[in-house]
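Please open the model in your viewer and keep the selection tool at hand. The tour moves from one selection to the next and says what is there.

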Amino acid sequence: MNFTKKKYPWISNLKKKGLDDPVCGAGYSKISLAANGMYYPCSAWQSYPVGNSYKETLQDVWKNSDKLIYLRSIRRKHLTKCNDCEAKNYCSFCFVRNFNENNGDMLTPAKHFCDVAFINKKVVEKYRKNNNNQ
């Protein structure tokens with residue numbers, strides 16, 4: 001057993017990202033409430049309000065916000081530019097980063113983060129090669 005599996009046994013349970021998997025946790029597995037009472041799908045995405053705590057309950061926003069419903073509907077298969085990318089399993093696609101980098105287009109990956117995914121891929125492949133962990 002190699003060091004990584006011994007120290008981090010959960011690592012063997014990691015799976016490759018499937019095309020039907022959600023793209024991002026924003027609005028899918030998290031929500032943020034700001035001091036001004038506005039709800040956002042992510043604490044970093046305060047240019048994309050999804051509700052107002054002064055007018056709606058958290059439960060109402062979580063279940064009924066059109067913006068959250070839309071975010072939850074997006075799957076990896078909808079990101080056609082990414083589907084054939086050789087670094088897709090090393091990418092941490094993020095709506096807010098893309099939104100900020102691409103003038104409001106959350107579905108187009110920002111070049112910087114694509115570059116990071118390829119660096120991640122290279123590091124993992126080198127690690128695996130050096131540790132006979134193909």
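The stops below visit some cysteines, a pocket and a lysine.

This is a predicted model, in which local features need pLDDT of at least 70 and side-chain atom pairs count only at pLDDT 80 or more, while totals for chains, interfaces and linings use all residues. Residues are numbered from 1 along each chain as its sequence is written, and side-chain values use heavy atoms, with hydrogens and water left out.

Begin by selecting the cysteines: a search of the whole structure finds zero disulfides, a disulfide being a pair of cysteine sulfur atoms within 2.5 Å. Cys42 is in no disulfide, and the nearest cysteine sulfur, that of Cys94, lies 6.1 Å away. Cys42 counts as buried because its relative accessibility is 11%, where buried means under 20% relative accessible area, exposed over 50% and partly exposed in between, with a 1.4 Å probe and protein chains only.

At 18% relative accessibility, Cys91 counts as buried.

Now move to helix H6 (111–130), a helix being a DSSP run of H or I with at least four residues, numbered from the N terminus, and select Lys121, which is found in helix H6. Is Lys121 buried or exposed? Lys121 counts as buried because its relative accessibility is 13%. Leaving aside neighbours within four places in sequence, Lys121 is in contact with Glu86, Ala87 and Tyr90, contact meaning heavy atoms within 4.5 Å.

Definitions and conventions. Helix = DSSP H or I, 4+ residues; strand = E, 2+ residues; numbered from the N terminus.
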